[in-house]
There are 6 protein chains.
Amino acid sequence: MQIGAAYLEKEHGGRGVLLGGVPGVPPGNVCVIGGGIVGTNAAKIAVGMGAKVTLLDLNLNRLRELDDIFNGKLFTLASNAYNVERATAEADLVIGGVLIPGAAAPKIVTASMVSRMKRGAVIVDVAIDQGGCIETARPTTHSDPSYLVNGVVHYCVTNMPAAVPNTSTLALTNATFRYVVRLANMGASAALKADPGFAEGLNTFDGHLTYKAVAEAQQREFKSIEDIL
Amino acid sequence: MQIGAAYLEKEHGGRGVLLGGVPGVPPGNVCVIGGGIVGTNAAKIAVGMGAKVTLLDLNLNRLRELDDIFNGKLFTLASNAYNVERATAEADLVIGGVLIPGAAAPKIVTASMVSRMKRGAVIVDVAIDQGGCIETARPTTHSDPSYLVNGVVHYCVTNMPAAVPNTSTLALTNATFRYVVRLANMGASAALKADPGFAEGLNTFDGHLTYKAVAEAQQREFKSIEDIL
Amino acid sequence: MQIGAAYLEKEHGGRGVLLGGVPGVPPGNVCVIGGGIVGTNAAKIAVGMGAKVTLLDLNLNRLRELDDIFNGKLFTLASNAYNVERATAEADLVIGGVLIPGAAAPKIVTASMVSRMKRGAVIVDVAIDQGGCIETARPTTHSDPSYLVNGVVHYCVTNMPAAVPNTSTLALTNATFRYVVRLANMGASAALKADPGFAEGLNTFDGHLTYKAVAEAQQREFKSIEDIL
Amino acid sequence: MQIGAAYLEKEHGGRGVLLGGVPGVPPGNVCVIGGGIVGTNAAKIAVGMGAKVTLLDLNLNRLRELDDIFNGKLFTLASNAYNVERATAEADLVIGGVLIPGAAAPKIVTASMVSRMKRGAVIVDVAIDQGGCIETARPTTHSDPSYLVNGVVHYCVTNMPAAVPNTSTLALTNATFRYVVRLANMGASAALKADPGFAEGLNTFDGHLTYKAVAEAQQREFKSIEDIL
Amino acid sequence: MQIGAAYLEKEHGGRGVLLGGVPGVPPGNVCVIGGGIVGTNAAKIAVGMGAKVTLLDLNLNRLRELDDIFNGKLFTLASNAYNVERATAEADLVIGGVLIPGAAAPKIVTASMVSRMKRGAVIVDVAIDQGGCIETARPTTHSDPSYLVNGVVHYCVTNMPAAVPNTSTLALTNATFRYVVRLANMGASAALKADPGFAEGLNTFDGHLTYKAVAEAQQREFKSIEDIL
Amino acid sequence: MQIGAAYLEKEHGGRGVLLGGVPGVPPGNVCVIGGGIVGTNAAKIAVGMGAKVTLLDLNLNRLRELDDIFNGKLFTLASNAYNVERATAEADLVIGGVLIPGAAAPKIVTASMVSRMKRGAVIVDVAIDQGGCIETARPTTHSDPSYLVNGVVHYCVTNMPAAVPNTSTLALTNATFRYVVRLANMGASAALKADPGFAEGLNTFDGHLTYKAVAEAQQREFKSIEDIL
């Protein structure tokens, strides 16, 4: 979100809109695609900055939960081509946050939708590490982060958390520390046998692809870790 | 507000829109004209019901205060012809709440703006007791409360608080009780002399118009109560 | 909720109480029976309008969740005869929202409790399509929506969402669209076989009752769709 | 507030009620008399603890402001004998917070109202340093802080901020520091002449009572500091 | 929480800090150990009183939920020795709320961490009924509730809910009433057979320990109720 | 604020801290100097992004108002050298927002305080157009916006609103439009005579300095517009 806000500034090629607006001036319009962890956090910050935020997701139960969490500060829409097109056309900032672990992200926002967006609007595709959920997105780097398509600024840096290494290292350590300790104490094979949680996180072992979604996405042979061990 | 919500139902000729929406379906669009007590209370209830609310007022300081009070749940716009036209055109419900005590209300929403509103949208003009702040508004009664102009439902009942006599009687009594006591103890003339607050509330005395704004609006002679007593 | 608020107006036979009150005047007292989707949404709008809201449910875990969601703006009570009687006796508006899919709604509020309610109070029984969760409720229509029992206004229109067809059609479409597509592509029998979700939504097939709760409620023979296909 | 909450515990003679309640059990009922700084802060903490809070004040504009600040989490009532009696009779905890600087506090809650309160309810009279705004209140000390009247626990310790010296010293220093510096630099007489703010805070000078409200309350002669200097 | 707030007062040996602070004076620092029901409720009240609250828990998903519930008013930290030590060292009040049903609570806050806390800080160990989750905690009673270790006030009364019997009796009854009715109607053996929920709540039967966690904690023989019946 | 957040990213030389944190990882620490319009808006956005925000101001009444507006999501401190030094030393981001219209901004944060800040912390001095309220601040431009002092990133671009021209033009127009109309209709001299509001906004006229604060700050001769006309 803070990247999106920054790229809306004139200096970065954006429309020169302040997300939060000013009393008497309408705030920026943010469209968040996907109500998972990425999308929800983006929406939280956008709402916190004072923007008018619309979030789209396929899952109606998730929209209901988000409605409870945001308590009227967020507008939810069922995700379908009609709603996505209308919402992106009105947006100053689009956040692509649809990630399916291990699989290629579906292209929710098509090139034709992007062509109908406002000049100077900004797209941040957080799903770019899985190929992006916006058709016009292609991976960029922290040193050359953005490019234009139809006048729309695209920011699609891979490994975005690297921008805030202090916070992201702590977050990653919080999530992995207990696994690391067990791995160190037991060794890899024993740990994989003892704890199915490890097996779920394993991508390759002994030359075999052991993660089903990756194997399918890349059309390679899959072998389950149980069979190997 | 609850009147506006009710008239949006199909039965009453409205667009059949639920103000609060449902998770996944956009909420109703409410446009409140005026940020005084009437407009602010209408906006509070509209926000509370889950609608998307835009409030327009001339006074930027008031918009800033409203921004503090509503904390991101309300979009404020500076009131000018361009913004009023745009906001009413998008609205499902327009609340006219511009009242200038004693004087005729200014016509903020013109007939041409009303003609550009959605079919089945609803207008509630709370300023109708002062002539209304919407050009197409004319006074109606609780028994025949609404009419259509260009397919837009108009609800312009005079003395609206009469619909909830229980609450409005208590509210009126809270505000007037201390004055009544003083009036009863001192008599009218003495009370008017002793307390300039009384004089401010006086409309006629001894056959003279003693309220300046009313005298000007009706182009009659004004005589100050100080001069009379 | 907006129906309940409207029927509290004097014109509709109610007590003439404004749900949100006015600073210095107590707000209306709303009692919501049931903490499912219907009850929670009613409570949200009632809280948003500024009413004092009490919600009763049997499930303590659900009350805990509601406490988290409403964050002190709602008072929860464990549902039992003592609490229901006390809460309805104090209420200006009672919303009956206990629905058990396919089965007759249990009668939570008895006729004797209704007889102890305030004159001019309003009951809206949203469960009326399943027979109602309030003993004195009987189905009414949008053209003749309300009646009095012991001075208490009853609004028990079947198919209430029909009042806001615009919103309810979108909501229904959001929920059903994907099923419709699959049905159109596969045909009924194939779709029912392929997806147990379809089977769960089926009421009758080939002359047989295939929904267990309905069969039990109506004491007819039940036949599972698996057996038929 | 935290004192009031503590005294509601059984150990201290109170009703054994937890102010915040538990999901499914009604919270405690707190009645705050007065919407000035003392009352508002008490109400904030009571609301924060999850209690059901009613605040009474004479000033309708102040009630309107409090309504904006508390945003539906507080019920405001116009202060009059009828409302005070009803509110205290229902309360588990009454906070007396009506202070008129320099003058004796008016007795808002009469002994007869106290006699109608619940057994084990708690009264905390913060106005006790000005004589108390509750008729049955008499000053107590931190070592013997409470007593019973009609089964109602009274906590009326003078100089209550002394319980949290750390916080109250900082608060006092924040408010007085700039005056102290000026006093040290200029001397008393020069400072009193140069800054009318000093004069307003002066109680006695050279043997004379220089604070009007105190002089009136104690029926002694008043001499303005301007006349003395 | 209200106990913790009270013990921070000078009278009770605490630091004399008001949890909510005063505008311009920093609020008290509260550290809550554990994000279950006990910890979450303590955090809610602490946040409501205006304190600066940090909550630690092992479970990152739970921290995410709490983040949604508290909406920026609470700081969450992953629970590990480094974070616990840092958070307790800065705290004015530590609430120990880590309970594992039936088992001894783990010692999250060590004696060495307590020795680095501020003089006059307060510890309330709600887990004391399971042995306490703070190493320096030992059971006390309502009549002699607190003691000092390294200048830190310890409040570790067993059966704390007894302080508010009115509320806790209702809460307990809400949770148990339906079981009691079934027990009365069916008798113990039949009820235990018919409803596995009963069996889960059973500690001893016919001289045997039937609760696994207790049996393990006390190293006694365990016999399942299914085997006995 | 969004500039400050961006400069905390590693790419821009900052500490690599995400202002909002992540559940389980502490958020960034923001220190806002000044509680006027600039500081309050910065604080709102910082709070909205999930940061831990401390705001310092001299005016205790303003701190009280901010406390009401932010409702526990902001920590206020009385502004004095001790508090400023402590707050900046802990901050990841310092926003300087002390502006006195027309006059040079006072240096609230001294160079020695900056030297005690964390490496990689960020300072944004919004008061730079009046000389800055941070001693180490010197004006920069949008093309070369930042520099380091003691490892602390300084962003002190003059005319910051130019980054979002769309929003700032509308905001400026809202505030000035009515004056422009009157100026166009009446001419400069007549408008200045008719409306003292114009005179207050005038800086120079006919070769004279007509704004007192500017005249004093620059030690030039002041002539009031009344005398000139």
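This is a predicted model: local features need pLDDT of at least 70, side-chain atom pairs count only at pLDDT 80 or more; totals for chains, interfaces and linings use all residues.

Me: What rotation superposes chain F on chain D, and which residue of chain F comes closest to the axis?
Reply: The rotation is 120 degrees with 0.0 Å of shift along its axis, and the RMSD is 0.1 Å. That is the relation of a three-fold axis. Within chain F, the closest approach to the rotation axis is 4.0 Å, taken at the C-alpha, and the residue is F:I69.

Me: Which strands stand at the edges of the sheet in chain C?
Reply: The sheet is open, has seven strands with mixed pairing, and its order in chain C is β3-β2-β1-β4-β5-β7-β6. Each edge strand has a single partner, so one side of each is left without a neighbour in the sheet. On average, neighbouring strands are turned by 20 degrees against each other, direction ignored. The edge strands of chain C are β3 (75–78) and β6 (146–149).

Me: Do β4 and β5 of chain C run parallel or antiparallel, and which residue stands opposite C:L93?
Reply: Strand β4 (residues 93–96) and strand β5 (residues 122–125) of chain C are joined by four bridges and run parallel. The residue opposite C:L93 is in β5(C), and is C:V122.

Me: At what angle does helix α2 of chain C run to β2(C)?
Reply: Helix α2 (residues 37–49) of chain C lies across β1 (29–33), β2 (52–57) and β4 of that chain. To β2(C), the helix runs at about 165 degrees.

Me: How many aromatic pairs are found over all chains, and how many residues apart are B:Y7 and B:Y155?
Reply: Over all chains, a search of the whole structure finds six aromatic pairs. B:Y7 and B:Y155 form a tilted one, with 5.1 Å centre to centre and 55 degrees between the planes. This pair links helix α1 (residues 2–7) of chain B, which holds B:Y7, to strand β7 (residues 152–155) of chain B, which holds B:Y155; the separation is 148 residues.

Me: Are B:Y7 and B:Y155 buried or exposed?
Reply: Buried means under 20% relative accessible area. By that cut-off, both B:Y7 and B:Y155 are buried.

Me: Which ring does the charged end of B:R138 sit over?
Reply: The charged end of B:R138 is 3.9 Å from the centre of the ring in question. That ring belongs to B:Y147.

Me: Where is E:T140, and what is its relative accessible area?
Reply: E:T140 is in the loop between β5 (122–125) and β6 (146–149) of chain E. Among the residues it touches are E:P145, E:Y147 and E:C156. E:T140 is buried, its relative accessible area being 7%.

Technical notes:
Residues are numbered from 1 along each chain as its sequence is written. Chains are lettered from A and ligands numbered from 1 in the order in which they are written. Side-chain values use heavy atoms; hydrogens and water are left out. Copies are superposed by least squares on the C-alpha atoms of residues with pLDDT of at least 70 in both. Rings of Phe, Tyr and Trp (its six-membered ring) pair if their centres lie within 6.5 Å; planes under 30 degrees apart count as stacked, over 60 as edge-to-face and the rest as tilted. Helices (H or I, at least four residues) and strands (E, at least two) are DSSP runs, numbered from the N terminus. Buried means under 20% relative accessible area, exposed over 50%, partly exposed in between (1.4 Å probe, protein chains only). A charge sits over a ring if NZ of Lys or CZ of Arg is within 6 Å of the ring centre and within 35 degrees of the ring normal. Two strands pair if DSSP finds at least two bridges between them. Axes are lines fitted to C-alpha atoms, for helices over the stretch in contact, and angles run from 0 to 180 degrees between N-to-C directions. Contact means heavy atoms within 4.5 Å. Lists of a residue's contacts leave out its neighbours within four places in sequence.
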